[in-house]
Amino acid sequence: MNSKWSGLEQNMKQSGIDTLLITDPKHVYYLTGFLSDPHERFLGAVLQSGNEPFMLVPALDEEAARAASDITDIITHQDTDNPYQILATKLKGKIGTIGLEKDNLSMTRYESVQEALSFSASFDVGPWLRELRMHKSAEEVGKLRHAISLIEQVLQEALKQVKEGVSENELVAEVEYQIRKLGADGPSFDSMVLFGENAALPHGIPGKRLLQRGDLVMFDIGVYADGYASDITRTFAYGEITEEQTRIYNTVLAANEAAIAQIRPGISFGSIDKAARDLITEAGYGEYFLHRLGHGLGIDVHEFPSVHGMNDLLMSAGNVFTVEPGIYVPRVAGVRIEDDVLVTESGVEVLTTFPKQLTFIS
């Protein structure tokens with residue numbers, strides 16, 4: 001049993017939980033090393049207090065699970081089987097309190113588990129797993145570095161295709177071609193390339209808009225590689241831009257750097273949001289910073305914690321998250337600059353290395 005399972009077992013004992021059922025595929029991967037998308041099929045990793053964990057996987061995934069997982073006790077179900085009854089047969093005996101992930105279980109699946117296992121009470125273990133995942137190991141940081149390196153290579157290649165008359169959709173296609181060509185598993189979210197007035201939409205949807213001189217060009221892109229995500233945003237100028245657009249860019253850059261300069265163990269996530277937001281507000285653009293400063297990054301591209309001004313949670317070494325202030329002034333400019341950062345024992349390491357100073361693409 002690895003240290004992650006051991007830590008969960010200690011929590012189980014303290015909370016009076018005798019059985020733990022993990023069904024989120026990302027959590028199964030985190031705990032076992034087996035990464036899959038079971039679609040509608042049942043996938044579960046199970047720990048009963050005092051026993052070794054086991055997995056119940058679709059039969060078609062058995063070989064992959066045995067190759068990837070550090071769990072040796074793997075049972076399977078066919079598409080015509082009732083996986084919940086197989087689970088009940090494996091577990092045997094009466095279950096008192098079961099630990100489940102409320103965020104992952106649909107009502108239908110919860111009722112199926114309840115009917116098969118007849119547990120007397122349930123307990124949400126999602127917070128335990130979020131807490132575990134906040135603290136990245138050296139191995140996890142290595143995987144994040146790889147995913148970040150890949151997306152920065154993708155961005156470098158995609159910039160070669162930026163030219164007058166190219167469409168947002170064409171550049172998205174180039175980004176996603178390079179993602180596969182350079183060896184990533186796929187995008188970690190829908191790739192975003194926005195021009196001009198579209199860049200002033202924080203979650204704009206790329207379309208047929210053609211690039212014109214004087215446009216700001218925003219790339220918000222990321223990849224999955226070995227089960228871990230990257231997420232980077234850079235904004236460029238195509239040709240000459242206005243003084244106000246330049247001022248907005250430099251304000252966002254200063255906010256990004258001010259937030260990063262404060263990062264170290266023991267300070268709150270909310271305080272760095274405040275550092276960036278105060279700077280943007282003092283520059284006269286506070287009403288145009290429309291979202292939180294960032295989010296956790298790891299197995300999911302958006303994971304715990306949320307980096308917003310009301311979050312009093314304190315940082316500790318091993319936390320990885322994004323810092324992405326933005327200003328979005330309709331019909332004037334949209335600028336976001338996003339870095340992925342690691343809290344170290346003494347401060348911070350910025351994992352993204354792509355240049356942030358205003359770059360003009362001619």
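## Overall size and make-up

A compact globule of 362 residues would have a radius of gyration near 21 Å, and the protein chain, at 23 Å, agrees with that. The model is predicted. Taken along the principal axes, the C-alpha atoms of the protein chain fill a box of roughly 70 × 40 × 35 Å.

The secondary structure of the protein chain consists of ten helices and 20 strands.

## Annotated domain

An unreviewed UniProt entry places the feature "domain: Creatinase N-terminal" at residues 7–134. In the model, the span of residues 7–134 is 41% helix and 20% strand.

## Packing of H7 and H8

Two packed helices are described by the angle between their axes and the distance between the axes. For helix H7 (residues 138–159) and helix H8 (residues 168–181), the angle is about 135° and the axes are 9 Å apart. Angles over 145 degrees would count as roughly antiparallel and 65 to 115 as roughly perpendicular; H7 and H8 are therefore oblique to each other. The crossing of H7 and H8 is right-handed.

## Residues at the H7–H8 contact

H7 contributes Ile151, Val154, Glu157 and Ala158 to the contact. On the H8 side, these residues meet Leu171, Glu174, Val175, Gln178 and Ile179. Sorted by class, the contact of H7 with H8 has six nonpolar residues, one polar residue and two charged residues.

Note on methods
Residues numbered from 1 in each chain as written. Predicted model: local features only at pLDDT ≥ 70, side-chain atom pairs only at ≥ 80, totals over all residues. Heavy atoms only, no water. Axes fitted to C-alpha atoms, helices over the stretch in contact; angles between N-to-C directions. Helix = DSSP H or I, 4+ residues; strand = E, 2+ residues; numbered from the N terminus. Parallel < 35°, antiparallel > 145°, perpendicular 65-115°, else oblique. Left-handed = near helix turned anticlockwise from the far one by under 90°. Contact = heavy atoms within 4.5 Å. Nonpolar A, V, L, I, M, F, W, Y, C, P; charged D, E, K, R; others polar. UniProt positions renumbered as here; feature names shortened; annotations may be inferred. Rg over C-alpha atoms; globule rule 2.2 N^0.38 Å.
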